Amino acid sequence: MANNRATKSGFAAEAQRKINSKYSEELAQECLEWVSSVTGLPLNTSGDPDNFFEVLKDGQVLCQLVNTLIPGSVKKVNTSTMAFKCMENINNFLAVAVSIGVPSQETFQSVDLWERQNLNSVVICLQSLGRKAGQFGAPSIGPKEAEKNIRNFSEDKLKAGQTIISLQYGSNKGANQSGLNFGNTRHM
């Protein structure tokens with residue numbers, strides 16, 4: 001877990017501070033409140049990083065969340081606290097999240113949560129899953145997802161667009177670069 005790693009120093013410590021600075025307690029609290037409302041579990045919904053990590057670190061709550069959205073999506077939730085079993089829970093959650101439609105760039109790696117490397121990416125993943133939850137009859141969080149707005153133009157409209165004179169878009173009055181020199185000429 002996070003306690004087994006040596007403390008970072010130098011560039012690694014600076015990079016970790018930058019990652020940690022992106023974490024928002026308000027968004028984390030919103031995510032935990034949403035998880036609690038969807039699963040019905042009595043969770044501590046405080047958004048501070050320590051609580052967020054403690055609630056989600058073993059992956060059991062995450063597996064119960066996706067099983068609530070899609071019953072039976074995670075066949076076996078490991079209750080063991082052994083590292084590889086907890087990380088297996090997290091990986092099972094991530095696999096279901098991607099299959100639901102969470103983009104891969106909005107997911108996290110299991111070590112981001114298990115070793116507390118990047119809790120902000122966990123928040124981003126939960127928010128993305130929360131946007132998709134409305135498709136399964138659960139309450140959703142965050143901004144509403146955009147829908148496709150396909151426009152079909154008639155052949156007449158497309159032809160009318162081709163008749164517009166290009167100078168109506170704006171003109172540079174025939175300017176070109178002839179006669180311009182940048183810098184001094186080369187003396188040999």
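Reader: Leaving aside its neighbours within four places in sequence, what is serine 128 in contact with?

Author: Serine 128 touches Val102, Pro103 and Glu106, once its neighbours within four places in sequence are set aside. Keep in mind that this is a predicted model.

Reader: Where is serine 128 found, then?

Author: Serine 128 sits in helix α7, which covers residues 119-132.

Reader: And does serine 128 count as buried or exposed?

Author: Serine 128 counts as buried, because its relative accessibility is 0% and the cut-off for buried is under 20%.

Reader: OK, predicted. What pLDDT does the protein average?

Author: The average is 84, and 87% of the residues score at least 70.

Reader: Which elements have the lowest and the highest mean pLDDT?

Author: Helix α1, residues 11-21, has the lowest mean at 78, while helix α5, residues 83-100, has the highest at 93.

Reader: Let's zoom out. How many helices and strands are there in the protein?

Author: The protein has 8 helices and 0 strands. Read from the N terminus, the order is α-α-α-α-α-α-α-α.

Reader: What share of the residues counts as buried?

Author: Of the 188 residues, 35% are buried. As for contacts between residues at least 6 apart in sequence, 58% of them join residues at least 24 apart.

Reader: On to the packing. At what angle do α2 and α4 pack?

Author: Helix α2 (residues 25-39) and helix α4 (residues 60-69) pack at about 55°, and their axes are 9 Å apart. That angle makes α2 oblique to α4.

Reader: Is that crossing left-handed or right-handed?

Author: The crossing of α2 and α4 is left-handed.

Reader: Which residues make the contact?

Author: From α2 you have Trp34, Val35, Val38 and Thr39, and from α4 there are Val61, Gln64, Leu65, Thr68 and Leu69. By class, the residues in this contact of α2 with α4 come out as 6 nonpolar, 3 polar and no charged.

Reader: What about α2 and α3, how far apart are their axes?

Author: The axes of α2 and α3 are 10 Å apart, with an angle of about 30°. α2 and α3 are therefore roughly parallel to each other, since angles under 35 degrees count that way. α2 passes α3 in a left-handed crossing.

Reader: Which residues of α2 and α3 meet there?

Author: On the α2 side, Glu25, Ala28 and Leu32 meet Pro49, Asn51, Phe52, Val55 and Leu56 of α3. That contact of α2 with α3 has 6 nonpolar, 1 polar and 1 charged residues.

Reader: Staying with α3, which residues in that helix are buried?

Author: In helix α3, residues 49-56, the buried ones are Asn51, Phe52, Phe53, Val55 and Leu56. Asn51, Phe52, Val55 and Leu56 also turn up in the contact with α2.

Reader: And what covers the buried residues of α3?

Author: The cover includes α2, α4, α6 (110-114) and α7.

Reader: Last one, a loop residue. Where does lysine 144 lie?

Author: Lysine 144 is in the loop between α7 and α8, the latter spanning 155-162.

Reader: Is lysine 144 buried or exposed?

Author: Lysine 144 is exposed, because its relative accessible area is 70% and exposed means over 50%.

Reader: How far is its C-alpha from that of lysine 132?

Author: The C-alpha atoms of lysine 144 and lysine 132 are separated by 9.2 Å, with the two residues 12 apart along the chain.

Notes. Residues are numbered from 1 along each chain as its sequence is written. This is a predicted model: local features need pLDDT of at least 70, side-chain atom pairs count only at pLDDT 80 or more; totals for chains, interfaces and linings use all residues. Side-chain values use heavy atoms; hydrogens and water are left out. pLDDT is the predictor's confidence in each residue, from 0 to 100. Helices (H or I, at least four residues) and strands (E, at least two) are DSSP runs, numbered from the N terminus. Buried means under 20% relative accessible area, exposed over 50%, partly exposed in between (1.4 Å probe, protein chains only). Contact means heavy atoms within 4.5 Å. Axes are lines fitted to C-alpha atoms, for helices over the stretch in contact, and angles run from 0 to 180 degrees between N-to-C directions. Angles under 35 degrees count as roughly parallel, over 145 as roughly antiparallel, 65 to 115 as roughly perpendicular and the rest as oblique. A crossing is left-handed if the near helix is turned anticlockwise from the far one by less than a right angle, and right-handed if clockwise. Ala, Val, Leu, Ile, Met, Phe, Trp, Tyr, Cys and Pro count as nonpolar, Asp, Glu, Lys and Arg as charged, and the others, Gly among them, as polar.
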